[in-house]
Amino acid sequence: MSVQDVRDVVKRPGLVQVLHDTKYVFWREMLLPLRDPFSLIFSLLQPLVFLGLFGPLLGSTVGAPAFGGQSTLQWFLPGVVVMIALFGTSMTGSNLQYELMTGSYERILASPLSRSSLMIGRALKEWAPLVVQGLLISLVCIPFGFVFYPLHVLFGLVILGIFGIGLGALSYALALVSQNKEWIFWGVQQTLLFPLMILSGIMLPIEAGPDWMKTASWFNPLTYLVNAERELFAGNIGGHTLLGLLAASVTAAVGLVVGVRAINRNIS
Amino acid sequence: MIHTRKLTKNFTVKKETIEAVKGVDIDVAPGELVAFLGPNGAGKSTTLRMLTTLLRPTSGTATVAGVDVSADPAGVRARIGYIGQGNGGGHSFRVIDEMMMQGRFYGMNTTDAAARAQELLQSLDLTDLAKRTVIKLSGGQRRRMDVALGLMHSPRLLFLDEPSTGMDPQNRANLWEHIMRMRAEHGTTIVLTTHYMDEADSMSERVIVIDHGRIIADDTAARLKANLAGDLLAVEVATESAPSVRGLLGRAAAGGEVQENTHDGVVSFRLRLPEGARLAPALLKEMNDAGAPAQSLELKPPTLDDVFLELTGRNLREGADR
């Protein structure tokens, strides 16, 4: 009658279990954009608009010397990619808020899925469109003088994925902490996002700013990430890339520790 | 299958400690079907959430399916199924997608998950809604989907928190048919909370009555009723017969209260009588012999609500208030 007999779920050793579970959490989340492709199309247009409208202004106001001899596009494009990653993965918690209210979060919490996979899977879903977006805007920019180094760009996207896991987990924790007070989530997310962005030199070179801004940028993990992406998009791998990878890994580790704590605190 | 000792949960709300569950000892053997019955706020759901690792106990121990809930919560989750009070299906997802993913979460392969999903969709009357987005379902349809999600992986121990709330009688019957079939086929152990006394009464073999965070009774529904409540007997006689009947009923009630009401030349008596169905014929004969025949007689078997009233002095449905 029944297709399977009663049995316990097989548990695998630590990391294997996390990877296995992450696959299914990610897959479930991906069903949302895949079943509603319009959202994907709009998300592809957004960076193009930004690049097309902000890029020319940047070139004429700041001037070429600030970009270290590169073309404006070569300098600005990796910044846009980091920005999309930032906006996307910091939204991880906002999609969770809805499920916290209805009860599907609770259903999944009672399942054998490992805690960190719940966060990693969701964060990677916010990161996934970035792979398509990043490659697409790179291709579109080639006729305008952008030099495309595909392998470097792919590596850059992987580093952003690692960073995104950390930021996504923090966003997840924020959603849990602000449960039943949704406005707190948005307040904190917006309040933190913009200073972090500006102080990393994503949109305008931080070198053009006063000394205190430069000092502040040293304490911003995003700075190292943006520098790494600029180095990679310019076709080089060096010290900046390494520091960026380190900053991303630290963010991921901190994010996951904070996230798992938030989940456990939520049930006490 | 379940053993708890002094299981306790305190919540701190605005610096005030609320004792939601006050040291309960519960033992459930494999294959049992147990209902936690009690008013809203009694601590049923809190107990269930501790057993399913969704809440950490403040103190005490609980072993579920052989695993300690505090030491290895993940191990417990791998051995149980849970249907909560809320909507298990994500509102933005399609019904069939959620069911398939649920199967994958519990380690089923695609073929098994698809077959099981079809089986459940059909018997819970959801086949036509498989591709519908959850938010477009009615309340009853969503509740059926919650049940389908919980049954996907055929757990050997299933927890249900207020499973039939919001379901119409037809689907409530379908739900129970499913639960009973799972039990018959797999020997599934089932623990549920309910505030529907008729459900606890007719479906469960064992009822644990919980009130104010404590277990106040634990037995089969039949024994609880027989021992604690007794049948309700209502007799009407003519006014002139009242004095002799009063004496007869007083003796039969053996110290219990006999209510009396007079209107339009008729006196009606009401009393609780253990084993009333067995005693009533003899009582009627005695009344006839005394020249005080009954004009009407009503005998009602007790309900679990009567049991609760007897235990707490409060009605189950209005019992939420302290």
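How are H7(A) and H10(A) oriented to each other? They are roughly antiparallel (an angle over 145 degrees). This is a predicted model, in which local features need pLDDT of at least 70 and side-chain atom pairs count only at pLDDT 80 or more, while totals for chains, interfaces and linings use all residues. Residues are numbered from 1 along each chain as its sequence is written, and chains are lettered from A and ligands numbered from 1 in the order in which they are written.

**Stop 1: two helices of chain A**

Select residues 150-177 (helix H7) and 221-233 (helix H10) of chain A. Helices here are DSSP runs of H or I of at least four residues, and strands are E runs of at least two, numbered from the N terminus. The two axes come within 8 Å and cross at roughly 165°; axes are lines fitted to C-alpha atoms, for helices over the stretch in contact, and angles run from 0 to 180 degrees between N-to-C directions. On H7(A), display A:His152, A:Val153, A:Phe155, A:Gly156, A:Ile159 and A:Phe163, which meet A:Leu225, A:Ala228, A:Glu229, A:Leu232 and A:Phe233 of H10(A). Contact requires C-beta atoms, placed from the backbone, within 7 Å. These residues comprise eight nonpolar, two polar and one charged.

**Stop 2: where the chains meet**

Next, show both chains: 37 residues of chain B are in contact with 29 residues of chain A. H3(B) gives the most to the side of chain B that touches chain A, namely four residues. Select H3(B) (residues 95-105) together with H1(A) (residues 14-35); the helices pack at about 175°, with axes 10 Å apart. They are therefore roughly antiparallel to each other. A:Tyr24, A:Arg28 and A:Leu31 form the H1(A) part of the contact, and B:Asp97, B:Met101, B:Arg104 and B:Phe105 the H3(B) part.

**Stop 3: a helix of chain B**

Move to H8(B), residues 221-228, and colour its buried residues B:Ala221, B:Leu224, B:Lys225 and B:Leu228. Buried denotes 20 or more other C-beta atoms within 10 Å of a residue's own, exposed 12 or fewer, and partly exposed in between, with C-beta atoms placed from the backbone. Finally, select B:Gly230, which follows H8(B) and has a positive phi near 80°.

Notes. Parallel < 35°, antiparallel > 145°, perpendicular 65-115°, else oblique. Contact = placed C-beta atoms within 7 Å. Nonpolar A, V, L, I, M, F, W, Y, C, P; charged D, E, K, R; others polar.
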